[in-house]
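This report describes selected local features of a two-chain model. Please look over the structure before reading on.

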Amino acid sequence: MTDQLLDLACGLLLLTAVGVLWRRELSALITLLTVQGAALTCIAVLLAVEHRHAETLFVAAVVGILKIGVLPWLLRRVLARIPEARETAPLVNIAASMLAAAALTLLAYTAARPLVDLAPSPTARAAPVGFAVVLIGFFLAATRRRAVSQIVGVLLVDNGIAAVAFLATGGVPLVVELGVSADLLLAVLVLQVLTTRLRAVFGGTDLDDLRELHD
Amino acid sequence: MNPVAAALGAAFALAGSGAIAALPAPARWGPAVVGAATAGVGIAGAAAGGAAVSGTVWQAYLPDLLPLAGVRLAVDPLAGWFLLLVGGVAAVVGVYTIGYLGRDGHGPAARGALAVLPVFVAAMLLVPAAGSVSTFLLAWELMAVTSLLLVLGEHRHSPAVRTAGLWYAAMTQAGFVTVLLGLTRLAAAAGGESFAAIRAAGAGLSPVTAGGVFLLCLAGFASKAGAVPLHPWLPRAHAEAPSHVSALMSAAMVKLGVYGIVRVGFDLLGGGARWWWLLLGALGAVSALYGILQAAVATDLKRLLAFSTSENVGLILLGLAAAGVWAGAGQDGVAGVALAAALLHAANHAGFKTLLFCGAGSVLRSTGTRDLDALGGLSRRMPATTALFTVGALCAAALPPGNGFVSEWLLLQALLHQAPQAGTVLTVAAPVAVAVVALTAGVGVATYVKVLGTGFLARPRGDGAATAVESPRSMLVAMGLAAAACAGLAIVPVVAAPALERIAGELRAGPELFAGGGVDLRLAGIGSIVSPLWVAVGVIGLAVGFAAAGRALGRARRRAPAWDCGDGPLTARMEYTATSFAEPLQRVFDDVLAPEQDVDVTPAAESAYIVRAVAYRRRLPDRIEAHLYGPVIAAADAVGRAGRRLANGSVHRYLAYMLAALVAVLVAGVIR
């Protein structure tokens with residue numbers, strides 16, 4: 001039962017990552033990210049239940065609050081302040097992005113095989129999903145123009161890393177998770193400030209405008 | 001409860017509370033709070049060191065304090081010696097800070113810079129107390145970072161401070177990396193990271209591994225100690241840091257580089273090959289000579305003292321090298337004397353350099369300049385500071401009855417008493433080392449005569465010196481304490497004998513070094529005796545006797561104008577300056593120092609033979625720095641410029657780089 005739920009959560013994790021790449025509306029991206037956060041929290045809770053580990057449950061609670069509550073809320077606040085609601089012209093078009101995502105997922109599965117072989121358990125077998133999400137997140141950040149898309153990309157990367165950590169080790173020490181979460185929150189806050197300032201200076205949030213700052 | 005544990009605990013608690021109390025304290029009280037806390041930390045640290053050198057050992061393992069490795073502390077007599085040294089210096093500097101930064105004070109009074117001071121001292125106490133590689137590295141890095149913050153204290157006032165900070169940051173971090181590489185390699189080879197585990201496995205390491213570890217650690221430790229050619233940060237940082245920080249760094253922090261070499265070379269690696277110690281000896285000899293030559297021609301008071309630090313570190317390293325070589329040759333007795341000489345000189349240097357840097361701080365505080373050419377005449381306006389500085393200069397010049405004399409005498413004894421069967425290399429190296437020590441001592445005397453004569457005596461050559469006022473009482477008290485410590489070390493160094501014997505025994509299992517009691521220093525293995533007390537009594541007695549006899553028997557004094565060639569009264573501009581005093585020395589060592597001089601003669605309009613003005617400019621660039629570091633910096637700069645083409649400002653490009661690198665690594669993993 002737990003295994004099936006775990007597989008379901010992992011599937012949801014990957015599906016939402018691909019969905020983020022597919023949708024153009026920025027508000028839809030945030031919704032998908034929230035769903036992905038919920039899937040990640042599910043994974044953590046399931047692992048905590050399976051190992052009967054209170055600390056992991058606490059970590060799961062922290063992850064849940066951050067990824068379902070705080071981060072989407074911050075992103076929606078950013079979105080409310082900027083006029084563009086759509087990713088109009090990504091550097092790589094949607095169809096090609098889908099193909100790239102497929103290739104990256106394939107790469108993630110082959111590259112993660114040695115890791116899975118280390119401890120072949122149902123949880124570890126799902127770890128490549130995390131790798132795939134990391135790569136897709138990077139791809140998103142590298143190919144989208146809007147600042148919000150890039151924040152979402154960075155958050156995907158983090159979700160992927162967290163998923164790998166949970167799945168491969170069966171729970172992350174509280175100290176590590178707290179450190180990572182604090183980092184992430186800081187990154188999002190910085191990007192939020194950046195977006196607001198960008199809009200104030202350039203009237204848009206196309207990050208390519210930043211090139212003007214380079215001497 | 002173990003006294004070492006109690007004292008160290010008190011030190012760290014005081015440091016923490018002092019740092020926290022400094023932040024909200026009102027600006028008027030900040031220096032007093034921090035100074036008192038720093039002095040308290042120093043006293044507690046010295047107490048811990050005192051207990052440790054008298055034979056109390058202490059070990060502790062605190063697994064929960066840090067993740068992964070925990071904190072491991074181990075205090076033995078060797079650690080105790082350096083705890084005592086750091087603690088003593090900090091106690092004096094703490095008292096000094098109260099006046100130096102206090103009302104109308106000099107230097108940074110920003111709360112952040114104040115709060116870092118006790119933390120820096122605590123970090124310096126933690127370095128010798130560390131009992132494992134991870135704890136040691138943590139303490140080392142904490143010490144480096146806090147000292148960097150303190151060096152940058154006056155960054156708003158001058159761009160030179162920023163340059164100094166940059167040099168210091170780059171070199172201390174590079175040194176940290178080499179120490180990190182060396183110690184982690186050592187821990188991996190030994191199969192454990194606690195010093196006890198490494199010590200147990202140390203003798204069984206392969207010569208290549210042990211030699212590599214020693215070289216890596218030596219690079220980092222020697223650069224922290226300011227040994228030439230790893231020294232360029234030192235004259236900059238010591239000169240530009242606020243003076244109380246200079247004193248802490250020069251007297252205490254630099255010694256921890258020496259501690260690192262002793263701990264790794266003698267203790268953890270258990271001796272090692274002869275070439276290690278010959279290399280160290282060469283490093284020491286070059287440092288001693290180059291340091292004192294640069295000091296002799298320096299005109300910036302604090303830069304001069306900084307180069308003198310390089311010189312003294314060179315002598316200490318020479319002693320360590322002799323100890324390593326003799327121990328490898330089976331002459332444990334002489335090796336013990338050499339080690340004792342090095343450790344005693346470390347303590348002596350800590351004493352007089354604290355005093356001298358505090359004195360330099362007093363001068364800087366009341367005159368606003370460090371330029372010896374613009375000083376002079378301070379003996380009338382700042383008599384107490386001058387008297388105390390004289391004590392420090394006497395000690396630093398290694399003249400009896402100063403404390404530098406005792407340790408340099410020990411060092412010479414160790415170098416002179418080699419066994420006849422020592423081999424060709426040593427029969428050449430030992431006399432060369434003796435010559436180096438002798439030359440260093442000679443130039444050292446000239447250097448400190450220059451400082452005293454041109455900086456404090458005669459008449460003021462600048463406005464700052466002409467309007468100088470005596471320093472506040474707390475600064476004088478601090479310098480008095482340092483002078484008293486120097487005097488103690490100079491007259492009864494025999495009190496340190498049991499501690500030195502204990503350390504030598506622990507490291508080398510050598511025989512008894514010092515024979516007999518009393519106030520004489522008798523070297524058991526060599527048969528030499530020196531009696532610092534009677535030397536002091538004799539020298540002072542002779543000096544007083546000659547003065548009295550001269551006054552009683554010589555012609556009566558009379559006041560008369562000095563001969564001035566009929567060209568009006570003599571002015572202060574006609575005095576010897578630091579530059580002109582050092583000119584003969586500069587001429588002798590012209591090939592080594594390669595000064596850049598420039599003489600501009602402006603003739604009068606009427607005739608080419610009438611000179612209206614002569615301008616003399618001299619610059620003494622650090623040649624080693626220019627030739628060794630210049631090309632490296634230029635190459636790094638070129639690489640950096642080439643690398644800028646990769647970065648065109650597009651965020652997408654940067655992210656794509658990251659993605660491409662990640663994918664490349666993963667693909668490489670799959671293919672392999």
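Helices (H or I, at least four residues) and strands (E, at least two) are DSSP runs, numbered from the N terminus. Val601(B), for instance, lies in strand β5 of chain B.

## Basis of the model

This is a predicted model, in which local features need pLDDT of at least 70 and side-chain atom pairs count only at pLDDT 80 or more, while totals for chains, interfaces and linings use all residues. Residues are numbered from 1 along each chain as its sequence is written, chains are lettered from A and ligands numbered from 1 in the order in which they are written, and side-chain values use heavy atoms, with hydrogens and water left out.

## Annotated spans

An unreviewed UniProt entry places the feature "transmembrane region" at several spans of chain A, including residues 29-51 and 148-168. UniProt positions are given in the numbering used here, feature names are shortened, and annotations may be inferred rather than shown by experiment. Residues 29-51 of chain A are 100% helix and 0% strand, with end C-alpha atoms 33 Å apart. Residues 148-168 of chain A are also 100% helix and 0% strand, and their end C-alpha atoms are 30 Å apart.

In chain B, the feature "signal peptide" is placed by UniProt (unreviewed entry) at residues 1-21. That span is 90% helix and 0% strand, and its end C-alpha atoms lie 28 Å apart.

## A helix pair in chain B

Helices α2 (residues 30-53) and α4 (residues 111-129) of chain B pack at an angle of about 5 degrees, with their axes 8 Å apart. Axes are lines fitted to C-alpha atoms, for helices over the stretch in contact, and angles run from 0 to 180 degrees between N-to-C directions. α2(B) and α4(B) are therefore roughly parallel to each other (angles under 35 degrees count as such). Residues in contact (heavy atoms within 4.5 Å) include Gly30(B) and Val34(B) of α2(B) and Leu114(B) and Leu117(B) of α4(B).

## Loops with cis peptide bonds

A cis peptide bond joins Val228(B) and Pro229(B), with omega about 10 degrees. Pro229(B) lies in the loop between α8 (207-225) and α9 (233-240) of chain B.

The peptide bond from Pro400(B) to Pro401(B) is cis as well, with omega near 5 degrees. Pro401(B) is in the loop between α15 (383-396) and α16 (403-416) of chain B. Ala398(B) is also placed in the loop between α15 and α16 of chain B; its phi is near 60 degrees, a positive value in a residue other than glycine.

Notes
Angles under 35 degrees count as roughly parallel, over 145 as roughly antiparallel, 65 to 115 as roughly perpendicular and the rest as oblique.
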